[in-house]
Amino acid sequence: MNIRKYLIVLLLLGIRFGLQAQDDLLAMLEEEQSDRTILTEATFKGTRVINGHSIETRKAGVMDFIISHRFGTLDGGGYELFGLDNAMIRIGLEYAPTDRLYIGLGRSSFEKTYDGFVKYRLLRQSTGNKEVPVSITWLSSLSIKTLKDPVNEPTFVEKMASTHQVLMARKMNQNLSLQLMPSWVHKNFIGTEDNQNDAFALGLGGRMKLSQRVAIVAEYYHQFAKINDNMLNPIAIGVDIETGGHVFQLQLTNATAMIPKGFITETSNDFFENQIHFGFNISRTFQLKY
Amino acid sequence: MKHSMIFMLMLLYVVSVNAQDVLIDKGGVAHFYSEAPVENIEATNEKAIGAYNPKDGSVAVTMFMKDFHFEKSLMEEHFNENYIESDKYPKATFKGKLDSKGLDLSKPGTYMQTVGGELTIHGITKKLRTEVEFVVSKEEVQVNTLFKVALEDHDIEIPKIVIMNIAEVVDVDAHFNFSLK
């Protein structure tokens, strides 16, 4: 072989190496980043799927003011303006002391109920160095029904009901998120027509993004053990619309209550008989601490 | 045999150029500022990684978009979820080369240099030329730059409803500190 051939090879090598040097610098830096773990954000847009909670909590220092409405049922027809003559409301004030802990208080006009909840993120979905496939959030909710009941005259403790849920969700991809919600509802006081104090249910929820700011959501809870056999399972479908600091959720649901023990175990309307409430949740967040 | 030796030596030389000491800063700062009629938005990333290879003048920067932190956490979520799509395009990167001569890391002083290269944001790569200031001291090299990024260039959509809240062109500045010790 003559030297000219070597030189050509060398020249080509030189060009190759020369080109690589630039690419390699970036590749080398990206290598440095491979040990990072990236948390999956915004599995759901809000802290609620529709009626029930999502795995999401707000970031530390954020207060969320949530107003929820459920109008009367659509089967009221034109006389009731398809339910708009009646409205149930829940006003809620919620706060995130840390990125994992979330607490809230609320008052529902339905049965004049006060409620409080604690939510804690046990596991967060992540990618990168530490891959976690799902997010898991614990929810415990306590409610006190203060509607006067002269027949039973329940004590303070008897007016209470609690719900515990393990919320498990996975953001399958940018546009699709799914959630499973094993739930246990316990009522301290039950009426004569009720068969037990406890209800067990499994909820299914999902969100599909249609665009950057609009998503459709759906939620269903199936009761495996009911407190009252006349009660039906809650179904809800809705649209999430977000604009800056607000998230609007518009929904159609057969549930009247907006707290877990209510919509899971006390839904008497039949979704397929047009006993559907139109409703909305509006959330406005305030950053209290930076 | 003699030819092979020459070949090996030259190859060694080529390889050794690549293995030269590269300056790296893993705690670089990237910051952007959007000035709009309704609100000004800014965010800072303090985990940008930057590198400069004095041998060939090549420069590289990479950072995770999720490391940009905003004053309001909801803004941060919107930035990642609606504008930058961080799940799909997790990083912003730059690779380029110093165009101008004269930078001498052994002589303390301030050098203005031009860097040309490719900026990748939101999965879209665009050419970028920017002035870069190198402040060289005995212990370190401080590198500062300032440039503008048009959101449209990188296919970052601004919905009409927030057109008054977000600038169409944002000011970006970046700072790195390379230790010479």
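**Terms and cut-offs**

Author: D87(B) has a relative accessibility of 38% and counts as partly exposed. Note that this is a predicted model.

Reader: Why is D87(B) called partly exposed?

Author: Buried means under 20% and exposed means over 50%, with partly exposed in between. The 38% of D87(B) falls in between, so the residue is partly exposed.

Reader: What makes D87(B) and K66(B) a salt bridge?

Author: The closest N and O atoms of D87(B) and K66(B) are 3.2 Å apart. A salt bridge requires a side-chain nitrogen of Lys or Arg within 4 Å of a carboxyl oxygen of Asp or Glu, so the pair qualifies. D87(B) lies in the loop between α2 (73-83) and β5 (91-98) of chain B, and K66(B) in the loop between β3 (58-64) and β4 (68-70), so the bridge ties together parts 21 residues apart in sequence.

Reader: Is K66(B) buried or exposed?

Author: K66(B) is buried, because its relative accessibility of 11% is under 20%. Both K66(B) and D87(B) also belong to a network of salt bridges, which includes K171(A), R207(A), K209(A) and E81(B).

Reader: What is known of α2(B), and why is it described as largely enclosed?

Author: In α2(B), 11 of the 11 residues are buried, so the helix is largely enclosed by the rest of the structure. Among the buried residues are S73(B), F79(B), E81(B) and Y83(B). After α2(B) comes E85(B), which has a positive phi, near 50°.

Reader: How do you know that R129(B) and D99(B) form a salt bridge?

Author: Their closest N and O atoms are 2.2 Å apart, which is within 4 Å, so the pair counts as a salt bridge. R129(B) sits in strand β7 (residues 124-136) of chain B and D99(B) in the loop between β5 and β6 (109-121), so the pair links parts 30 residues apart in sequence. R129(B) is exposed, because 57% is over 50%. D99(B), at 38%, is partly exposed.

Reader: Which parts of chain A does the salt bridge of K187(A) and E266(A) tie together, and why does the pair qualify?

Author: The closest N and O atoms of K187(A) and E266(A) are 2.6 Å apart, so the pair meets the 4 Å limit. K187(A) lies in strand β9 (residues 176-187) and E266(A) in the loop between α2 (260-265) and β14 (277-287) of chain A, so the bridge joins parts 79 residues apart in sequence. K187(A) is buried at 12% relative accessibility, and E266(A) is buried at 18%.

Reader: How many salt bridges does this rule give?

Author: The count comes to 23 salt bridges over all chains.

Reader: Which residues make the patch of negative charge on the surface?

Author: The patch is formed by E152(B), D153(B), D155(B), E157(B) and E168(B). Patch residues need over 30% relative accessible area; E152(B), at 68%, passes that and is also exposed, because 68% is over 50%. E152(B) lies in the loop between β8 (140-150) and β9 (169-179) of chain B.

Technical notes:
Residues numbered from 1 in each chain as written. Chains lettered and ligands numbered in written order. Predicted model: local features only at pLDDT ≥ 70, side-chain atom pairs only at ≥ 80, totals over all residues. Heavy atoms only, no water. Patch = residues over 30% accessible without salt bridge, like charges linked within 9 Å, V, L, I, M, F, W, Y side chains within 5 Å. Areas by Shrake-Rupley, 256 points an atom, 1.4 Å probe, with all protein chains shown as cover. Lys, Arg positive; Asp, Glu negative; His and termini not counted. Charge placed at Lys NZ, Arg CZ, Asp CG, Glu CD. Helix = DSSP H or I, 4+ residues; strand = E, 2+ residues; numbered from the N terminus. Buried < 20%, exposed > 50% of the residue type's maximum accessible area, 1.4 Å probe, protein only.
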